[in-house]
Each structure stands twice: as C-alpha cells, then as structure tokens.
Amino acid sequence: MAEIEAAQPAQVDVSKSSNGPAEGYEKKCIFCKIVNKEMGTELLHCDEVISCFRDIKPGAPQHYLIVPTKHVGNCKSLSKENLPLVKRMVETGKEILQKNNITDLNDVRFGFHWPPFCSVTHLHLHVLAPASQMGFMSRLFYRLNSYWFITADQLIELLNSKGDTN
C-alpha cells in the first residue's frame, strides 16, 4: 500500500463535547470507540453528525474514513431517508481533501464496501486520493464496478430509487 506523506493533514473542527458514550453508541464497534475518543485515534473532523479519521491501512497517500458520529449500520441497511447523511459524508470528504491540498476531484475515489465485504459494520465512506497512486492491492479492494465496492454516487442513486419509508 502507498506510504503516507510526512506532512500532517490540516485539522478540522474537533469541538465535540462529550461526557461519555451516548445514544447511537455500540460498545463493540471500533468506529464508535474512535468517535468517542476511546482509542487515541486523531479525529480530523467531528461534529454531531459526521466524524473523520485516517484509515489504519491506507490504500492511497491520503485515505480517510468518514463515519456517522452515531452508529449506523452498513450501506445495505440504508433507506431513502438516509440520503442526506450519505450526501453530507461525501461533502465532508471533499472538504477534508481540499484542506489537504487535493483539488483534482477527478483523481479521487469515494465509496463503500458492500456487505458482506465490510470489515466494520458501522457505515463508513472511504475517501482515497490520489486514486492514480493506489497500489495493486488497493486497486482490487476499492475496485469500481465490483461485487464488494460501491461508489458514493452509486449508493446515492440506489437510495434515490428506493421508495419512501414510513
């Protein structure tokens, strides 16, 4: 996998006030633990809805995970009502990239692993840049038009096509 550059990415708002785990917290979920600052992982962005941190096994020079701050299941469990969340995850990913001097959004990959190919069941968007510098294994793991990876645009289109939930 590609090495991460020595320069540290710019910090984003981390002004989350928390007195411990709250509603939407799954005690066995590693991403819930990270968001609740139990793992020592640096949060690059954290607000009431979205959190962001670096992937522990980067597939590109810049590889971030954008997660809902509250536990949400994997992308297969989403409904049309989750569209605003998914769109906000994508927008947050773009903001993180821009703060880290990635301006060519044609050379990035935004996507989700499709169940059962998820290592963590907490919804998470992979943001990889530059995609042109992904190694061989990363090109397989984050491959477009595969059974195990769906782009953010494909997920948004899928959710748009679902009927309204009541």
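The side chains of R88 and D47 meet in a salt bridge, with N and O 2.8 Å apart; the term covers a side-chain nitrogen of Lys or Arg within 4 Å of a carboxyl oxygen of Asp or Glu. Helices (H or I, at least four residues) and strands (E, at least two) are DSSP runs, numbered from the N terminus. D47 counts as buried at 17% relative accessibility, while R88, at 35%, counts as partly exposed. Here buried means under 20% relative accessible area, exposed means over 50%, and partly exposed is anything in between (1.4 Å probe, protein chains only).

A word on the numbers before going on. The model is predicted, so to speak of a local feature takes a pLDDT of at least 70 and side-chain atom pairs count only at pLDDT 80 or more, while totals for chains, interfaces and linings use all residues. Residues are numbered from 1 along each chain as its sequence is written, and side-chain values use heavy atoms, with hydrogens and water left out.

Back to the charges. Side chains of opposite charge can pair when their charged atoms come close. By the rule used here, the count comes to 3 salt bridges. Another of them joins E42 to R54, at 2.7 Å from N to O. This pair also links distant parts of the chain, with E42 in the loop between helix 1 and strand 1 and R54 in strand 2, 12 residues apart. R54 counts as buried at 19% relative accessibility, and E42 is partly exposed at 32%. The salt bridge between K94 and E91 has its closest N and O atoms 3.7 Å apart. Both residues lie in helix 2, 3 residues apart, or about one turn of the helix. K94 is partly exposed at 27% relative accessibility, and E91 is partly exposed too, at 41%.

Strand 2 and strand 3 (residues 62-68) run antiparallel and are joined by 5 bridges; two strands pair if DSSP finds at least two bridges between them. The sheet is an open one of 6 strands, in the order 1-2-3-5-4-6 with antiparallel pairing. Its edges are strand 1 (45-46) and strand 6, each of which pairs on one side only. In the protein chain as a whole there are 4 helices and 6 strands, and along the sequence they follow the pattern α-β-β-β-α-β-β-α-β-α.

What about the rings? Phe, Tyr and Trp rings (for Trp, the six-membered one) pair if their centres lie within 6.5 Å; planes under 30 degrees apart count as stacked, over 60 as edge-to-face and the rest as tilted. That gives 4 aromatic pairs. For F31 and F53, the ring centres are 5.4 Å apart and the planes sit at 65°, so the pair is edge-to-face. F31 lies in helix 1 (residues 30-35) and F53 in strand 2 (residues 50-54), so the pair ties together parts that are 22 residues apart in sequence. Both F31 and F53 are buried. F117 and W148 make another edge-to-face pair, 6.4 Å centre to centre with 70° between the planes. F117 sits in the loop between strand 4 (109-113) and strand 5 (125-129), and W148 in the loop between helix 3 (136-141) and strand 6 (149-151), so here the parts tied together are 31 residues apart in sequence. F117 is partly exposed at 45% relative accessibility, as is W148 at 24%.

Ring pairs also link F141, Y142 and F149 into a cluster. F141 belongs to helix 3 and counts as partly exposed at 37% relative accessibility.

Finally, the chain totals. Of the 166 residues of the protein chain, 49% count as buried. The chain exposes about 9200 Å², with carbon and sulfur atoms supplying 51% of it; accessible areas come from the Shrake-Rupley method with a 1.4 Å probe, and for residues only the protein chains shown count as cover. Among contacts (heavy atoms within 4.5 Å) with a separation of 6 or more, residues 24 or more positions apart account for 64%.
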